[in-house]
Structure formats: C-alpha cells, structure tokens
Amino acid sequence: MRFSLFAHMERWDDSVSHQESFQNLTSLIQQAEAGGFSTVWIGEHHSTEFTASPNPLTHLAYLAGKTTTIRLGAGTLIAPFWDPIRAAGECALLDVISNGRMEVGLARGAYQFEFDRLTPGLSAADGGSYLRELVPAVKRLWEGDYAHDGEHWNFPTSTAVPKPVQQPGPPVWIAARDPNTHDFAIANGCNIMVTPLMKGDEEVEDLKAKFDGAVANNPQATHNAEIMVLRHTYVHEEAEPEGWRKGAEAVNTYFRTFDAWASNTTTPTDGFLDPSPVEKFDDRPEMQPESLRNAAMIGTPDEVIARLKTYEAMGINEFSYWMDSGLSHAAKQESLRLFIEHVVPAFR
C-alpha cells in the first residue's frame, strides 16, 4: 500500500500570511517526498481561506521544480468549472513540466457557495453530468484530434497541446461515493478516490465493496483500477496518553468549518467563516472528539500501523494522509515525522 499527502494552503485567521502558508505547505510536501510518499494531492477551492487553492495546477507546477520523485496530483479539479480543452491542455503541460509525474483527480464539486459564484444558477448536486462528459472528452483530446458535441460543451476538431508525457495520458482518478460513479470510473479507465469523512472503518469496507462491484460489472475494462482512501491523520508519541485529543479536536474544528461552508447560509468575511457552533452537533455522536479519534487515522504509531494493516488487507492501493486540520505548522511537521519514521517502514 502506497502513502500520499493531501493538503492545501490553510489559513484560519490573518496571523499567517499567504506567503508563509505557501512555504509551509511546500516544506511539508518536500518532507513527505523525503519520507517516501508516492504522491501529493492538492484540490481546487475558491474564496475559502481554510483551503486556499484556486488552481492546484499552479502550485503543482511550482512543486515540479522543487521535487524530484513525488507524483503531483490535482485532487480534485471541479468538473463544471473546467472547459475540456483547457483541462486537457493544462494537465498535459504539467505532465511535461514534471517529466511525467502528473495525476489528475476529478470531481463533481461540493460547495454550493463556489457554484453560486463560478457557475450561477447551477446546483452542486447537478455537477455529476459535467464530470461524466468531461472525463472522456479530456482523454480523447490527449490522444489527438477530437470534435465534441455534448450536453454542456461543443467545439470543433481540437487537440491537447502539448501532449502529455505519459501515454495515453496521466492516470485519472474520480472522487466517488455512490455505485453509479464507481461504475462510471471503472468503465472509463479511471481509478477511484474515496473519503469516509467522519464515519468509521465500516464505511471504508462499504466503499471498497462498491469499488469491487464496479470492477466486476465492467469486465471489459483493460486497466488495473486502483482505489485510494483519504483520511485525516494525526500521529502522537507513545508517551502522550491523551495525545489523540489534540488531533481529534482539530478534526472536529475542521468538519465544523466544512459544515459552515457547506451550509451556505452565512456570507464569509474576506474569505473566512467561523466554524458551526459545537452545540449544533450535540445529537451527532460521530462528530464528538472521542468518535473522531476512532474514525480519523489518529493514534500512536503502533495504533496507526494496526489500522492501516486492515486497509492493506482489504486491498486498498493508496492511503492518503489528509493534513488539513488547523493544527500549527510545527504540529503538522511532528505528526508527519512520526508517520514517516515509524509507520511507513512497516509497509515496505
């Protein structure tokens, strides 16, 4: 099982500048590369300071010159916000810049807040039809001349310029939850990334079963499809019996902030939104720190290794260490150090 890092520029107030946030993230990615991580994933988010990433390809292109081995994943581009020609060309250019290290993640989108500003009138719930049209169009453009007449995009014969180094193109990953999306991904030669969020490992088992079902439903697929699990991760020293609490409370704050943005009921101030109040989740046991301790990948190195061994036994190909949390840069560095020094060697 491979390990990757999923992270963004992250600001919770203006005490950290954008320049410092950028350099902090870059240093964590270089730390992950030195520690043997296979890939870094940076997603797309607009006008949100707690995940500042208006175009992950820009940051990944910078990282191409600051790294040598780690693969560079856009995780994920939001399909309704991208024209197929632009997506195919820009992803191919990153593949050229990085000498064939690009990975492409695509999703339908989540925050109605972003849709209201980038695609007014479109519901985030309707983003799936854009995803299903974008994926095959991008793949065809990587291959050569292609004209498209679809529901959302129409263009005469075009092609991706430049062409990607990897042939027939960079690996494509689809963010999936429901069985139909799993089936679409496998049928179209894509891998699958899943996020159990605050649910326990029974959710990982369910998502893996959907993946296995989609593979069985598409025997014509010629690629060896892979599945990646994305989890908030925090590793603490053995000598800290309550060390888990720091990580669990940070994840709680992250999900309450996620809820505030997803609710789309309050206008943010200069890109910031306060987390939804703790009391809102009094009847949501899965949101309590004690529950998040067991759902997120939180624990001592030995505890984390034991859980990840069950993922490996399930057939999970890649575990992605979700770094975003609101923890200080120093705390993130220390958790990542413990993961690299103690957890990674157990899977070599």
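In which sense do strand 1 and strand 11 (residues 318-322) pair, and over how many bridges? They pair in the parallel sense, over 5 bridges. The model is predicted.

- Strand 1 spans residues 2-6 and is mostly covered, with 4 of its 5 residues buried.
- F6 has W322 as its bridge partner in strand 11.
- Strand 1 also pairs with strand 2 (residues 39-42), in the parallel sense and over 3 bridges.
- On that side, L5 has V40 of strand 2 as its bridge partner.
- Between strand 1 and strand 2 the chain passes through helix 1 (residues 18-34), and this β-α-β crossover is right-handed.

**Helix 10**

- Helix 10 covers residues 301-314, which makes 14 residues.
- From first C-alpha to last it reaches 20 Å, close to the 20 Å expected at 1.5 Å a residue.
- Its buried residues are P301, V304, I305, R307, L308 and Y311.
- An α-helix has 3.6 residues a turn, so residues three or four places apart point the same way.

**Helix 11**

- Helix 11 (residues 329-343) has 15 residues.
- Its reach from first C-alpha to last is 20 Å, close to the expected 21 Å.
- Buried here are A331, K332, S335, L336, L338, F339, I340 and V343.
- The elements that cover these buried residues include strand 1, helix 1, strand 9 (227-235), helix 8, helix 10 and strand 11.

**The largest pocket**

- The largest pocket has a volume of about 960 Å³.
- Its lining has 33 residues, and A107, G109, A110, A175 and T195 lie nearest the centre.
- Strand 3 (71-78), helix 5 (128-143), helix 6 (179-187), strand 8 (191-194) and helix 8 (243-263) each give the lining at least two residues.

**Two buried residues**

- R101 sits in the loop between helix 3 (84-97) and strand 4 (102-107).
- R101 counts as buried because its relative accessibility is 9%, under the 20% cut-off.
- Beyond its neighbours within four places in sequence, R101 is in contact with A64, T67, T68, T69, I70, R71, L72, D95 and Q166.
- R101 and V165 are 64 residues apart along the chain, yet their C-alpha atoms are separated by 8.7 Å.
- H59 belongs to helix 2 (residues 56-64).
- H59 is buried, at a relative accessible area of 8%.

**Cis peptide bonds**

- The bond from G75 to T76 is cis, with omega near 15 degrees, and T76 is in strand 3.
- The bond from V161 to P162 is cis too, with omega near 0 degrees.
- P162 lies in the loop between strand 6 (154-158) and strand 7 (172-175).

**Positive phi outside glycine**

- N99 is a residue other than glycine with a positive phi, near 60 degrees.
- N99 is in the loop between helix 3 and strand 4, and its relative accessible area of 63% makes it exposed.
- D270, also not a glycine, has a positive phi near 50 degrees.
- D270 is found in the loop between helix 8 and helix 9 (289-295), and is exposed at 68% relative accessible area.

Conventions:
Residues are numbered from 1 along each chain as its sequence is written. This is a predicted model: local features need pLDDT of at least 70, side-chain atom pairs count only at pLDDT 80 or more; totals for chains, interfaces and linings use all residues. Side-chain values use heavy atoms; hydrogens and water are left out. The expected span of a helix is 1.5 Å times one less than its number of residues. Buried means under 20% relative accessible area, exposed over 50%, partly exposed in between (1.4 Å probe, protein chains only). Contact means heavy atoms within 4.5 Å. Two strands pair if DSSP finds at least two bridges between them. A crossover is right-handed if, with the strands pointing away from the viewer, the path from the first strand over the helix to the second runs clockwise. On a 1 Å grid over the protein atoms alone, a cavity is a set of points where a 1.4 Å probe fits but cannot get out, and a pocket is an open set with protein on both sides within 12 Å along at least five of seven lines; lining residues have an atom within 4 Å of a point. Grid points are joined across faces, edges and corners, and a volume is the space filled by probe spheres set on the points.
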